[in-house]
Amino acid sequence: MNIIHITLGILLGGAILTYFANKISGVVRDLMFISTIVVAAALFFIKMTPDTVAVFNLGGITLSLGMNHLGLLFSIIILGLAVLAGFYSLPYMKGKDNLGFFYMNYLLSIFGMMGIVMSKDLVSFFIFWEIMTWSSYLIVVYNGNKANKIGIKYILFSALGAYSMLMAIVMVYSQLHSFSIADLSAGFTTMPASYQITIALLLITGFAVKAAMMPLHVWAPDAYSNAPMSYTAMFSGALSKMGVYGLVIVFVTMVSHLPQNFWVRETIAWLGAITAGMATIYAIFQDDAKKLLAYSSVAQLGYIITGVAIGTEISMIAALMLSIVHGMFKANFFMVVGAVERQAGTTDLTVLTGLIRKMPWTFFSALMSAIALAGIPPLVGYVGKWMLYESLISNGNYILVIVIFFASTAGFLYVFKILYSIFLGQEEPEFENVKEAPALMVIPMVIIALLLGFFGAFPGYLLKYIDNALVVMGYPVSQGKWWEMTTLFNAWGNKVSTDLIMYTTITVFVTIAIVLFYRWKNGRYVSTKDISLSGEMPKEDENYSFKLDFYKPFERAISPLLRYKISKYYNEFADGMEAFFDWTRRIYNGNAQTYAIYVITFLVILLLIANNIFTV
Amino acid sequence: MDFLIKTLGAIATIIVAFIVGMLYMGINRKITARVQNRVGPPVWQNYIDALKLVSKKTSVHHGVMQHLAPAFLMISSMGTLLFIPILRGQSWFPNLSYHGDLIFILYFMVLGSLGMALGAGQTGNPNAAIGITRGLSQMVGFEIPWVMALVAMMIQYHTTSISDLMAIQQQHGWLMFQNPLAFLAAILAMLGMFRYSPFDIVGAPAELASGPISEFGGKYLGLMMSSGSIFAFTKLTLYVDLFMGGASNIVVLLIETFTLYLIPMLYGLVSPRYRTEQAIRYFWGWPTVLGLAALVYSVVI
Amino acid sequence: MINDKNSQKIVDIIQNFARKHSLFVLAYGTGCGAIEIPPTMTSRYDAERFGIRGAATPRQADVLLITGYLTTKTVKRVIRVYEQMQDPKYVIGFGSCTINGGMYWDSYNTIKVLDRYLPVDIYINGCMPRPEAVIEGFIKLQKKIMEGRAEGAKHYKENLEWYRANQKKVLGPTTPHIQEYNW
Amino acid sequence: MAREKVTTLYLGPQHPGITGNMMVRLKVKGDTIVGARTEVGYLHRGFEKLQERRNWLQAFTILCRFCVPEPDPVEEAYALAVELLEGREVPERAKYIRVLVLEMARIASYLLWYGGQSGSAGLYTMGQWSVGDRNYILDLFEDLTGGRVYHMFIWPGGVRRDLPKGFKDKAMKVMDYLEKRLDDYDTLLFENSIFQKRAKGVGIIDKNKAIEWGVVGPPLRGCGIKSDIRIDDPYEIYGELYEKGVFEVHPYEGGDVWARALVRRFEIRQSIKIIRYVLDNIPSGDFYNKIPNPHKWTLPKGDAYSRVEATRGEIGFFVASDGSNKPRRTHMRGAAYVHAITLLENILIGENVADVSFIMNSLGTCPPEIER
Amino acid sequence: MEEKKAQILEKLQKVFPEISETKNDFPYNRVDLRIEKNKIPAILFYLKDEMGYKHLVHITCVDWLEEGKFEVIFIVWSPVDKIKVFVKTFLDRNNPVMDNVDMIWRQANTYERELREMFGIQFEGLVAPKEFILEDWDDMPPMRRDFDTEAYARKRFFARPGREDARDVRQTIAERTGEEIPDFAKKYSR
């Protein structure tokens with residue numbers, strides 16, 4: 001009985017108890033839910049030491065779990081976000097139906113994720129992966145019938161990923177007669193070359209689905225935007241990182257030994273960059289805050305995939321840094337949108353307007369997340385971006401830099417769009433009674449916002465963990481070579497001092513703010529109706545906020561690019577696929593029993609594998 | 001003591017930048033007037049304008065973001081100034097130039113635009129919002145050739161530090177001759193960066209009634225004007241550092257920056273304004289081709 | 001230190017000097033006088049010599065130049081624009097029509113006496129005043145500013161009720177709510 | 001009331017881009033215009049009512065305020081209408097002087113247009129040059145009429161004054177100067193690729209519908225239709241001049257801003273040619289067929305309508321008399337009356353916000369002649 | 001030109017026997033005709049579509065107060081014939097209602113809005129915002145003959161002293177300052 005048993009046990013037990021507590025009363029359920037997360041997280045962070053190992057026995061298969069520094073890094077993201085989003089979801093989900101079910105799945109998906117990062121063999125990895133997938137699927141369809149189609153898209157793509165992963169596992173087992181990941185990385189080079197490349201590609205496919213890489217991203221925007229926002233914070237912030245986690249392992253342990261190493265890396269890096277570019281462009285033209293952020297998540301994951309795929313030391317640091325930071329600011333952004341949805345009743349950017357004075361704290365955290373998302377110094381989003389660029393440039397991927405840079409610059413466009421449309425612009429009477437979100441929702445957001453600033457000045461606190469994780473993966477210690485507590489280095493020895501940047505920024509800002517506040521009484525607040533409308537009076541039925549087709553000129557400029565709109569073909573493809581797999585729908589119809597059958601089928605297959613049925 | 005000297009040096013740098021930037025804008029107005037067959041205002045007109053704007057008795061705002069917009073602008077103008085070397089090999093102006101590099105500068109220069117955009121957005125003026133969308137779109141346009149030129153230089157000399165680039169130019173000669181393609185791409189991007197005609201689409205008066213700044217008056221406008229002049233000097237100094245090897249004393253610096261400043265100014269005098277999409281396509285046309293050529297050149301060399 | 005009377009005087013002189021030499025004129029051609037503004041601003045007459053330049057919106061402007069007659073429909077807009085301008089602000093009545101109605105003395109749609117509705121600092125007479133006259137008017141205004149006598153805005157603030165009553169008389173009971181003017 | 005989703009953008013009345021004191025209420029989606037409505041009335045002085053209260057000659061003094069950039073064609077239209085109504089003959093010399101004045105006004109107005117068109121596109125140097133050079137024409141006017149902007153020169157029955165001494169030399173000098181300058185303008189504006197990019201394909205008027213829609217003047221000639229009141233419905237000596245080949249009327253195909261700009265570029269040179277010819281060939285004789293005491297000057301009952309080609313297009317003047325010494329009714333039709341309202345509202349749909357002011361300038365919108 | 005003018009009238013009279021009064025003895029290219037108000041759209045359609053009078057020059061109205069009538073005049077022009085046709089009709093001043101013609105020429109819409117506002121003529125089926133030029137107008141339509149603009153201006157606006165009697169400014173100045181009006185000035189003053 002060690003901390004791994006305890007954590008997983010608390011999470012699993014908490015999930016079941018929460019479901020039953022719902023029958024008793026809502027308060028008990030909420031308490032159960034939040035205490036499960038908090039206790040699990042607290043125990044985990046206090047007690048967990050790397051190299052802890054645990055073994056479960058499950059019907060003939062031995063599931064071995066363990067913790068290393070890479071897993072620890074990702075569990076920081078998972079549990080950290082889980083605590084914050086857990087508190088957030090209490091007021092957010094208040095008054096909705098079927099909450100026991102929701103919270104159970106919530107906890108189950110955390111359970112799944114924690115299992116993944118602790119898995120030491122492929123079977124347990126796969127089992128936890130599926131638990132995570134199903135629980136997240138059930139939350140995606142939680143919002144009702146409309147979500148069903150979206151859920152089917154999600155589960156179809158996940159199944160694709162799962163099947164390819166399963167196939168890879170079968171192939172590994174057929175070669176090595178072991179499920180252990182350690183054995184896999186040790187014995188990978190002994191496999192035939194064709195097996196090596198096939199296994200690597202299959203696993204990459206499986207993980208790329210979760211990480212929403214470009215050809216496989218189609219499910220992501222819908223699924224992200226349809227789950228309740230308190231879960232999407234987890235979904236986009238942590239769950240998608242499981243794909244990154246898988247990719248990191250694949251690239252470190254397998255791809256680097258491949259003879260086709262270079263081409264695989266380049267291809268995936270380019271796919272990541274194209275994901276970033278295209279998803280950014282789609283995000284720019286979204287009119288719904290959730291959709292916009294969903295596409296933005298896809299774009300950010302594109303940077304991370306590129307970083308992972310390049311696979312040099314600094315690019316790996318960059319990718320992991322970006323993973324953590326993306327988890328923070330994107331979770332925060334989704335929470336902001338959730339707060340706005342709860343308070344103002346909509347997330348339609350063409351309807352929302354002028355909430356800044358109603359929801360100042362929400363705006364503050366949105367602003368901080370936006371600056372971090374755009375990668376602007378002095379916030380922490382900059383650190384990862386900087387390292388990514390440096391790695392790409394020093395690695396010779398010059399055109400890739402330009403593509404990523406384009407995506408990043410175009411990112412300012414949607415960042416501004418979402419901030420402007422929700423919080424700025426005209427203050428209209430229909431949002432007159434909007435209030436700031438409850439404290440339980442605001443505090444997690446503000447905490448993340450402040451953390452973004454803190455890590456911006458002292459990125460070393462995060463880089464320390466990343467460094468440990470890299471050492472586990474076989475990279476040399478990078479502290480002092482690539483970073484110090486407040487300084488970043490590139491391949492040529494040039495450096496950036498983050499704390500100085502932060503201090504300078506704050507000094508200038510505060511000085512000018514004092515100048516501005518001097519003789520404060522000369523300034524006067526006027527309402528947004530008192531603007532110079534060319535001398536005309538504003539009319540009630542006319543709209544002076546600029547909302548529709550926000551980036552029309554940009555759209556016109558890139559219209560040659562948009563002509564080959566991939567999503568169009570994808571939609572056709574997806575439609576065709578849905579029609580073709582019409583019978584599949586009967587299986588994936590959202591009915592619990594069918595999923596039970598699905599689960600059992602997978603387990604049976606696994607058991608069969610375990611008992612050497614498929615031995616070649 | 002060291003800290004004190006640095007602080008004083010930083011303040012001195014900012015003051016010099018303010019004075020020189022304002023002076024350049026005054027000279028710009030004077031030259032514009034001469035080209036237009038006029039006498040034009042005195043060169044110190046801009047100082048008077050700024051003083052008047054700051055000494056306005058009232059200034060209204062529509063909320064905290066508009067109130068703080070000049071502060072955000074100042075971060076990127078003053079901050080960038082502090083992170084680039086002003087003079088080469090001098091113990092004067094000892095600022096923070098050794099703690100930032102090109103990619104950092106690239107991003108840091110955007111913060112002001114974002115803050116300004118938020119401030120203008122809060123006014124609720126539709127003209128301001130349209131102006132911002134134009135400005136951000138245009139920024140995506142000119143950043144591409146600009147970053148291409150920078151990457152070309154980085155890979156040519158294997159450094160991202162501005163002071164290193166300056167030192168290298170001491171040995172090898174000016175970068176504008178070492179990699180002329182990158183210089184051309186950067187200069188064309190500079191036209192967009194300065195937002196003079198034909199790229200003054202953000203605040204086009206005849207179209208948007210001065211766009212984002214249409215609700216800013218009094219001290220806000222005055223501070224924004226000052227920030228603009230500091231930023232102009234900053235950008236020029238950055239170009240001088242990158243392509244003309246920096247300057248060893250202030251006179252050379254003034255000559256070099258002013259020569260560069262003439263390019264967007266004179267080009268603007270005889271050009272009508274582009275529409276937004278035309279401007280973006282312009283930047284993605286020849287400047288980007290030049291930038292790519294510069295990349296190829298620096299890889300080959 | 002600022003509160004000290006003598007230093008306040010010096011500050012005033014500096015500020016008045018700046019205000020005098022930097023007049024941003026709001027681009028609002030209210031009447032036919034607008035036709036002489038382009039010549040005034042362009043190459044032969046070049047008002048920019050004196051620091052006079054155009055401003056696009058009322059927030060940035062110092063001088064409201066009423067170029068000619070004001071119809072009742074325009075009066076409403078002009079008042080709104082004037083109240084959106086920032087202190088200190090000046091009004092110049094341009095052309096005979098602003099002084100006494102000019103040739104529209106019996107028109108049913110134009111106001112005759114501008115200073116009943118807005119505080120006018122300088123009148124420029126003539127129909128139409130030549131660019132030289134316009135520049136002369138501006139220089140008169142500059143003198144007044146330097147002497148600290150161009151305090152139309154203060155007068156407007158102090159006699160707001162009287163002005164409001166006059167405005168109401170022209171604009172009628174359907175006068176729309178004008179944004180609060182309370183500083 | 002529910003708020004609309006499209007953004008409303010007011011272009012005017014207080015806006016640097018608007019031509020005069022009017023307003024275009026734009027409904028925009030992105031920066032594409034999906035609806036436009038012109039609102040006028042900011043300049044309505046009730047001129048026609050005031051003219052009814054004044055006698056035939058006093059009514060004339062108000063006229064030049066109808067359209068400020070170019071007052072002379074309005075005076076000409078009124079004089080023509082009164083002359084048609086009364087049947088009064090105009091001496092030959094007066095006709096020449098009138099043509100001289102009208103063409104000078106045309107040049108002045110086109111020079112202002114150069115400024116407006118390029119200023120709305122952000123090329124301020126052009127405006128500074130052309131508006132500055134316009135002062136030379138205004139100097140000539142001052143010499144000739146005593147007024148810089150308002151001339152009140154073309155009276156019913158002739159013109160107010162004869163040509164002053166040495167006027168011909170001065171005018172010829174100005175024309176020489178202007179011809180030189182016009183080449184500079186071409187270099188700066190018409191050969192500028194950015195201006196061409198901006199102007200081509202913007203604000204297109206359908207050629208087949210143009211006449212029905214009431215398009216007149218340079219915009220109609222910019223649609224490729226050869227139509228000019230000076231040759232279709234000739235007044236003064238324009239018919240003769242055209243037959244003698246002193247000036248030409250050249251339509252340009254396209255119907256966009258660029259074609260309209262080319263029309264104006266061509267016509268300003270034609271005006272210089274006309275002025276040269278008139279100054280060279282002006283006959284001697286009387287310049288004024290004197291009218292009786294204006295207070296007792298009555299016109300026969302009836303109505304008349306006169307048409308004059310101004311720079312913006314056709315200007316018409318309707319006068320009705322009840323036999324007394326005051327007009328019963330006067331009514332002016334300006335080109336902008338159609339151009340700035342029904343035409344503008346329709347061609348703006350689908351255009352860019354950036355081009356509104358540009359298109360308005362190319363149509364020659366002049367609000368005072370809409371609302372009078 | 002004379003024959004052409006006669007032909008036009010002849011052709012029109014054949015199709016529209018209701019034409020009550022014609023006049024084509026002008027010494028220039030103009031033809032007049034008068035018709036019942038309910039035939040106006042028909043004749044304008046005919047002129048435009050069949051006879052090539054494509055260009056609507058003008059729509060105006062004259063208030064004949066003494067006779068109690070409004071005279072509405074449509075002027076059309078053919079670029080081919082180069083002749084103006086004046087189509088006139090009388091409306092009852094107390095009930096000025098007539099048909100809307102903006103489906104023939106859409107710019108007629110503007111003219112009709114003006115006539116509706118300035119004379120109070122109602123065009124049946126005219127779709128346009130109520131206000132065109134005037135804003136918040138509360139008196140009778142101002143272009144009617146019985147509207148006294150001077151009295152209205154006196155009532156509504158302030159007048160600068162010296163101008164309220166609308167007499168010669170020079171006289172006022174002379175009275176105020178004791179100057180003599182010079183003879184040449186007196187000659188031209190009323």
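Let me start with C:M103. C:M103 sits in the loop between α4 (96-100) and β6 (110-111) of chain C. Helices here are DSSP runs of H or I with at least four residues, strands are runs of E with at least two, and both are numbered from the N terminus.

A word on ground rules. This is a predicted model, in which local features need pLDDT of at least 70, side-chain atom pairs count only at pLDDT 80 or more, and totals for chains, interfaces and linings use all residues. Residues are numbered from 1 along each chain as its sequence is written, while chains are lettered from A and ligands numbered from 1 in the order in which they are written.

The scale is simple: buried takes 20 or more other C-beta atoms within 10 Å of the residue's own, exposed takes 12 or fewer, partly exposed lies in between, and C-beta atoms are placed from the backbone. C:M103 and C:C127 are 24 residues apart along the chain, and their C-alpha atoms are separated by 9.1 Å.

Next, chain E. Strand β3 (residues 55-64) of chain E is mostly covered, with nine of its ten residues buried. β3(E) runs antiparallel to strand β4 (residues 69-77) of chain E, and nine bridges join them. For pairing, DSSP must find at least two bridges between the strands. Within this pair, E:L56 stands opposite E:V76 in β4(E). The hairpin of β3(E) and β4(E) has four residues between the strands, and there E:G68 takes a positive phi near 70 degrees.

What does chain E touch? Its contact with chain C takes 15 residues from chain E and 16 residues from chain C. The chain E side divides into seven nonpolar, one polar and seven charged residues. Contact means C-beta atoms, placed from the backbone, within 7 Å. As for classes, Ala, Val, Leu, Ile, Met, Phe, Trp, Tyr, Cys and Pro are nonpolar, Asp, Glu, Lys and Arg are charged, and the others, Gly among them, are polar. Chain E does not touch chain A; their nearest C-alpha atoms are 13 Å apart. Nor does any contact join chain B and chain E, whose closest C-alpha atoms lie 24 Å apart.

Now chain A. It has 24 helices and five strands. Of its 616 residues, 59% count as buried. Among its contacts between residues at least 6 apart in sequence, 79% join residues at least 24 apart.

Which chains share the most contacts? Of the eight pairs in contact, chains A and B do. That contact takes 57 residues from chain A and 68 residues from chain B. On the chain A side, α16(A) gives the largest share, twelve residues. By class, that side has 38 nonpolar, 16 polar and three charged residues. Strands cross over too: β5(A) pairs with strand β1 (residues 59-61) of chain B in the parallel sense over three bridges. There, A:Y525 stands opposite B:H61 in β1(B).

Last, confidence. The predictor gives the complex an ipTM of 0.85 and a pTM of 0.87. Chain D averages a pLDDT (the predictor's confidence in each residue, from 0 to 100) of 85, and 100% of the residues score at least 70. In chain D, confidence is lowest in helix α2 (residues 58-62), at a mean of 80, and highest in helix α11 (residues 257-281), at 89.

How values were computed:
Two residues are in contact if their C-beta atoms, placed from the backbone, lie within 7 Å.
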